[in-house]
Amino acid sequence: MLTRQLTRSLNLGILAHVDAGKTTLTERLLHLAGVIDEPGSVDSGTTRTDSLALERRRGITIKAAVVAFPLDDTTVNVVDTPGHPDFIAEVERVLGVLDGAVLVLSAVEGVQPQTRILMRALQRLRVPTLLFVNKIDRAGADVEGVLEAIRSRLTPDILPMGSATGLGSRAATFTAYRAEDDAFRERETVVLAEHDDALLAAYIEGRDRTPGQLLAEAAAQTRDAVMHPVFAGSAATGAGVPDLMAGIATFLPGTVPTSTGEPSGRVFKVERGGAGEKAAYVRMFSGSVRTRQGLDLPGGRTGKVAGIQVFEEGQWVRADEVGAGRIGRLHGLTTVRVGDGFGDSCRADEHHFAPPTLEASVEAIDPALRPALRAALAQLADQDPLIAARTDDDGRPTVSLYGRVQQEVLGSTLAEEHGIEVEFSDASVLHVERPRGVGEAVLRLNTDENPYHATIGLRIEPGAPGSGFVFSTDVPARDMPLYLFKSVEAFAASIEKHVRRELTHGAYGWEVTDCVVTMTEASYSVADGPPSKRGPTSTSFDYRKVTPIVARRALDRARTRVCEPVLRVLVEVPSEDAAAVQRVVTRWGAELLGQTGAGDLTRLEVRLVAARLHELQRQLPDLTGGEGTLESRFDGYEPVRGRPPARHGWSVKGHESVRV
């Protein structure tokens with residue numbers, strides 16, 4: 001048996017609105033490539049990519065999944081992504097590691113709300129994209145209508161690559177246009193000339209390009225993400241899918257894996273095995289990673305690769321290395337998290353979507369499983385850091401969320417994968433606190449009010465908006481217990497850690513941010529005398545205990561202001577509904593930043609507090625007949641108007657906060 005020599009690699013994303021058929025399309029691609037004997041079924045839960053039991057039961061994709069198939073001389077790594085908007089973070093992480101994408105639309109439902117959001121994300125990141133109009137065998141299929149909707153609602157820069165016949169029946173077929181067809185060449189030339197002045201001039205002068213030249217130009221414009229070939233077919237019957245595969249080979253850019261250069265890559269998914277061990281999915285951008293190689297991860301974390309797998313012939317197989325352009329699964333990186341990069345990709349995960357603005361407490365129904373719940377949430381946070389799983393002082397875990405579906409999935413995951421039935425508190429908007437003014441406090445050793453053998457003084461003052469937490473020291477080294485901490489930096493880092501932990505809860509229970517904390521005083525005692533009165537020698541325990549007390553006193557004197565997240569929201573609605581939507585958001589106090597028309601749609605850009613965003617998400621379907629979409633990005637915090645809300649479970653007494 002001859003084995004094909006695969007010299008190129010293509011990382012391909014398949015994206016769609018829920019139920020447009022992207023997982024079924026992935027199964028059909030694997031089948032036609034000879035990777036699987038029969039396509040799996042979403043309805044029966046036999047697909048390769050929806051591997052989670054929850055995915056198979058609900059029939060939706062929740063986590064990005066990777067499979068691969070050979071295509072000519074190329075290994076195509078297919079990433080099947082979620083379609084529900086509650087999992088947009090999962091989708092956007094994947095977009096940064098793709099070479100190209102297929103956006104799937106239904107020939108019946110056409111351009112749906114999430115389709116528009118996904119297309120804008122692909123355009124923003126300039127990901128080369130083919131369009132596939134699926135389900136031409138379904139009753140009500142209207143390919144021409146979908147093409148018109150694509151032009152008016154997604155982009156006019158499309159090139160239909162064939163025609164569909166027998167719509168609405170199992171006999172529906174897709175026939176690709178021949179490159180030599182004069183009518184197709186005419187349409188192709190007109191589309192390509194929009195982005196090629198030389199081609200436009202030749203067209204006007206009657207100088208025809210050859211079919212080969214036009215094909216090369218179409219491929220170049222597709223790879224530049226300025227033009228999008230459109231195919232049609234049925235993933236269920238296989239109609240049109242071979243033509244799509246040919247289009248993938250022709251129009252999307254593969255890369256030749258290379259081992260040269262410094263290793264650089266990004267982790268876009270983390271899984272855990274049966275024993276809890278991590279497997280990190282990484283896209284390599286340059287160089288290569290070998291087994292037993294050490295990697296420097298963000299935040300000073302490190303790891304050593306214990307094993308590598310790549311996807312070949314329908315399964316993950318062991319490999320000695322993974323090179324540039326490929327996707328690999330790395331084992332042994334115990335501290336790795338989703339979004340981690342190394343090498344030139346070492347910057348933190350950069351997402352283009354708003355972070356979650358809701359939080360909810362999670363409680364194990366069986367109290368005996370509370371420790372297991374905390375451990376399970378820590379594992380899930382490695383797979384999705386944006387849930388920000390954390391444990392409050394009373395041991396109650398809290399998570400950040402986008403919406404109700406994500407909460408339901410999280411609860412089902414804990415029950416089915418970890419055996420922990422949970423209940424959530426009502427989700428509330430995440431607020432922060434900022435210092436109003438300057439507050440100072442000090443506790444000195446050998447005084448009646450200080451039971452600990454250490455002196456610490458702190459000053460807390462407002463920082464610039466968006467600056468976060470800034471810590472500095474204004475203490476001479478002679479006053480620091482360097483016999484405990486070995487260096488000035490180590491002592492400062494220890495005090496900073498204690499202050500940060502205390503400021504996770506301000507007067508109203510919210511995290512304190514945009515503040516500058518300065519250590520203004522420090523002292524210690526030793527049993528033999530100077531620099532202080534004789535007494536017990538100061539220990540790390542003393543500093544660990546005294547620092548939070550001083551930080552709380554300084555914060556109480558500075559006082560805090562509760563601030564709520566503000567989002568810049570792009571709302572796209574049918575033009576006839578724009579006035580009604582505008583009236584609603586204006587009544588809520590939103591600031592209208594702009595309004596533009598795009599075909600039969602109107603785009604409103606507004607600045608809106610997060611609490612109203614969730615209300616808008618609930619009302620938008622009714623206001624727009626299900627056609628409205630919204631995208632949001634974080635735009636800072638602003639002080640709450642009226643009475644400041646306290647965090648769930650907190651009681652505010654004067655300037656002190658009490659956990660209840």
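Which residues in H15 meet which residues in H16? To find out, select both helices in this predicted model: H15 covers residues 578–587 and H16 covers residues 610–624. On the H15 side, show Val581, Val584 and Val585. They meet Leu616, Gln619, Leu620, Leu623 and Thr624 on the H16 side. By class, this contact has six nonpolar and two polar residues, with no charged ones.

Now look at the two axes. They come within 10 Å and cross at roughly 155 degrees. Since angles over 145 degrees count as roughly antiparallel, H15 is roughly antiparallel to H16. The crossing in which H15 passes H16 is right-handed.

**The whole chain**

Zoom out before the next stop. The protein chain has 16 helices and 36 strands. Of its 660 residues, 52% are buried. Take the contacts between residues at least 6 apart in sequence: 73% of them join residues at least 24 apart. The chain exposes about 28,800 Å², and carbon and sulfur atoms supply 48% of that area.

**H10 and H11**

Select residues 370–383 for helix H10 and residues 404–418 for helix H11. Their axes come within 11 Å and cross at roughly 115 degrees. The range of 65 to 115 degrees counts as roughly perpendicular, and H10 and H11 are therefore described as roughly perpendicular to each other. H10 passes H11 in a right-handed crossing.

Show side chains for Leu373, Ala376, Leu377, Gln379 and Leu380 in H10. Across from them, in H11, are Leu410, Thr413, Leu414 and His418. This contact divides into six nonpolar and three polar residues, and no charged residue takes part.

**H13 and H14**

Move on to helix H13, residues 488–502, and helix H14, residues 540–558. How far apart are the axes of H13 and H14, and at what angle do the helices pack? The axes are 9 Å apart, and the angle is about 55 degrees. H13 and H14 are therefore oblique to each other. Their crossing is right-handed.

In H13, pick Phe491, Ile495, His498, Val499 and Glu502. These meet Tyr543, Arg544, Thr547, Pro548, Ala551 and Arg552 in H14. The contact of H13 with H14 comprises six nonpolar, two polar and three charged residues.

Stay on H13 and select Ala493, which lies in this helix. Is Ala493 buried or partly exposed? Its relative accessibility is 42%, so Ala493 counts as partly exposed.

The last two stops are in loops. Most residues other than glycine have a negative phi.

Go to Asn446, in the loop between strand E26 (439–443) and strand E27 (454–462). Phi of Asn446 is near 60 degrees, a positive value in a residue other than glycine. With a relative accessible area of 40%, Asn446 is partly exposed.

Then select Asp514, in the loop between strand E29 (511–512) and strand E30 (515–524). Here too phi is positive in a residue other than glycine, with a value near 50 degrees. Is Asp514 buried or exposed? Asp514 has a relative accessible area of 4% and is buried; the cut-off for buried is under 20%.

To see what surrounds Asp514, leave out residues up to four places away in sequence. Asp514 then touches Arg434 and Pro435, as well as Pro462, Gly463, Ala464, Pro465, Gly466, Ser467 and Gly468.

Terms used
Residues numbered from 1 in each chain as written. Predicted model: local features only at pLDDT ≥ 70, side-chain atom pairs only at ≥ 80, totals over all residues. Heavy atoms only, no water. Axes fitted to C-alpha atoms, helices over the stretch in contact; angles between N-to-C directions. Helix = DSSP H or I, 4+ residues; strand = E, 2+ residues; numbered from the N terminus. Parallel < 35°, antiparallel > 145°, perpendicular 65-115°, else oblique. Left-handed = near helix turned anticlockwise from the far one by under 90°. Contact = heavy atoms within 4.5 Å. Nonpolar A, V, L, I, M, F, W, Y, C, P; charged D, E, K, R; others polar. Buried < 20%, exposed > 50% of the residue type's maximum accessible area, 1.4 Å probe, protein only. Areas by Shrake-Rupley, 256 points an atom, 1.4 Å probe, with all protein chains shown as cover.
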